[in-house]
Amino acid sequence: MASERDLVTHIIFDLDGLLIDTESLYTEAHVKACEKFGKTYTMEIKVKTMGMKHEFAVAYLLQQLGLDGEVSVDEYSNVYVPILYDLLPRNSMLPGAIELIRYFSAKNIPMAICTGSNRKEFELKTQNHHEMLKLIPIRVLTGDDPEVKRGKPDPDAFIVTMNRFKVKPKCAKNVLVFEDAPNGVRAAVAAGMQVVMVPDLTYSKPPEDVANKISCVLTTLREFDPSTFGL
């Protein structure tokens, strides 16, 4: 029988690439923005920056493309953000996402969303997902949340989210995080939480440095078996 520390009492979901299919839209926006500066966006940059706060992700991108010192974060953002905002409303829910949310809701298990989005991005990408918003009222938008000083892979975002629950978990190990990105997985592990990874294997894979601390790796959320965690 699992110890009390291992019991899952709360759920935290990442958003992009886990619940909704937006990662391809972020990629498309970066590809188009980089082309404006005569550069090519790569999947290596994407994987390294997934989950980061926007300004840190762009700074890394500019450095990798040899544009730091020539193009500022603001200058790149002024090109990238309008492209992204035009694309974001076109997303759809990923397989198994709404069904799993409904399951946890029916079991009265507290849920939260923890995403690197800012408020404007979040509103654009969730404007057609009313049921999800109704069932998950707690959302931490690390893109502009003043309590989150550092983005993923640091643990700040998940710790802040855990503390937003009305009835808080007894400890971090009682929280189960669902993530698709290596940096998100690292953040959950650093926060002391259990984590399920659902990577897009076309460009991502479980991070080797914390692979032994991932509870399970799935292809889609449809594969998740709640009984594995006593849920």
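**Entry 1**

I looked up A112 and found I138 of β3 opposite A112. Strand β2 covers residues 111-115 and pairs with β3 in the parallel sense, over four bridges. Strands count as paired here if DSSP finds at least two bridges between them. The strands (E, at least two residues) and helices (H or I, at least four) are DSSP runs, numbered from the N terminus.

I then noted that this is a predicted model, where local features need pLDDT of at least 70 and side-chain atom pairs pLDDT 80 or more, while totals for chains, interfaces and linings use all residues. Residues are numbered from 1 along each chain as its sequence is written, and side-chain values use heavy atoms, without hydrogens and water.

**Entry 2: the sheet**

I traced an open sheet of six strands, in the order β3-β2-β1-β4-β5-β6, with parallel pairing. β3 (138-141) and β6 (216-217) each have a single partner strand, so one side of each has no neighbour in the sheet.

**Entry 3: Y80**

Next I turned to Y80, which I found in helix α4 (residues 73-87). Is Y80 buried or exposed? Y80 is buried, with a relative accessible area of 2%; buried means under 20%, exposed over 50% and partly exposed in between, using a 1.4 Å probe and protein chains only.

Leaving out residues up to four places away in sequence, I listed Y26, A29, H30, A33 and H54 as touching Y80 (contact means heavy atoms within 4.5 Å). Y80 and H30 are 50 residues apart along the chain, yet their C-alpha atoms are separated by 6.4 Å. I also noted a polar contact of 3.4 Å between their side chains. Such a contact is a pair of N or O atoms within 3.5 Å; within protein, one must be able to donate a hydrogen and the other to accept it, and residues adjacent in sequence count only if both atoms are side-chain atoms.
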